[in-house]
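Please look first at the sequence and the model shown here.

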There are 2 protein chains.
Amino acid sequence: MSKQTLDPAGTVECCAPLARAPLSDAGAEDLAPLFKAVADPMRLRLLSLIACHEGGESCVCDLTDAFDVTAPTISYHLRILREAGLISAERRGTWVYYRVNPPVMTRMSAVLEPRAALAPVAG
Amino acid sequence: MSKQTLDPAGTVECCAPLARAPLSDAGAEDLAPLFKAVADPMRLRLLSLIACHEGGESCVCDLTDAFDVTAPTISYHLRILREAGLISAERRGTWVYYRVNPPVMTRMSAVLEPRAALAPVAG
């Protein structure tokens, strides 16, 4: 079990694209758990539903209806996303509300950006 | 073992950010193996080394020196990246040359882009 080192408040450093400078050992170790968290179809759909929901946040009650699985299964996948720092959770009254952590998604998106120079070269 | 459905030539459709419209079942099933391929520190570093190498391509001989692991381990990870469609391989003479597949990386990068509306709303 790798320890999650991201600040849950989302104050992660943003990475240069991996195509611009070789990733360090530490950088790769830090990024791999983020990609592992989204390497699952249900977690990708959960992340998308949360991100697309009105106000950018979803109650768990909004999410369970979208899937044909039990509530504990949904909770398990939400916990993985939360532990990786991709979403945050806040209890308000009866329900827990989930919200995407944009700086973490920006970091993951930025690191995968290919640079223009990657296009095939002539000759 | 999931079947890889990406066209190896890289003519994948580019995805809208998952924060713009809820991902479909099929879209999530298609994307998850791509993120699984980069959910490993060594594969992230290999991808970065290939992408950063002069001309955007690397001989396997350029890659083995960067890691303290055996050649079969490198080959194993390169095969996973290739089977996922993230890199392509071409034999020229004695060596196999690897090149990043920019449309696949663009697709992965684009799908993770958070939209501005995800920032916390006032009130």
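**Two chains in contact**

In this predicted model, 42 residues of chain B are in contact with 42 residues of chain A, contact meaning heavy atoms within 4.5 Å. Residues are numbered from 1 along each chain as its sequence is written, chains are lettered from A in the order in which they are written, and side-chain values use heavy atoms, with hydrogens and water left out. Local features need pLDDT of at least 70 and side-chain atom pairs count only at pLDDT 80 or more, whereas totals for chains, interfaces and linings use all residues.

**Confidence**

- The mean pLDDT (the predictor's confidence in each residue, from 0 to 100) of chain A is 84, and 81% of its residues reach 70 or more.
- Residues 1-13 of chain A have a pLDDT below 50, and this stretch has 18 contacts in the model beyond near neighbours in sequence.
- The pLDDT is also below 50 over residues 116-123 of chain A, a stretch with 10 such contacts.
- The model has an ipTM of 0.83 and a pTM of 0.83.

**Interface**

- About 3,500 Å² is buried between chain B and chain A, and carbon and sulfur atoms give 71% of this area; buried area is the accessible area (1.4 Å probe) that two parts lose on being put together, summed over both.
- The interface of chain B and chain A holds two salt bridges, each a side-chain nitrogen of Lys or Arg within 4 Å of a carboxyl oxygen of Asp or Glu.
- B:Arg45 and A:Asp25 join their side chains in a salt bridge, at 2.6 Å from N to O.
- On the side of chain B that touches chain A, α2(B) gives the most, with eight residues.

**B:Pro41**

- B:Pro41 lies in helix α2 (residues 41-52) of chain B, a helix being a DSSP run (H or I) of at least four residues.
- Leaving aside neighbours within four places in sequence, B:Pro41 is in contact with A:Ala28, A:Glu29 and A:Ala32.

How values were computed
Helix = DSSP H or I, 4+ residues; strand = E, 2+ residues; numbered from the N terminus.
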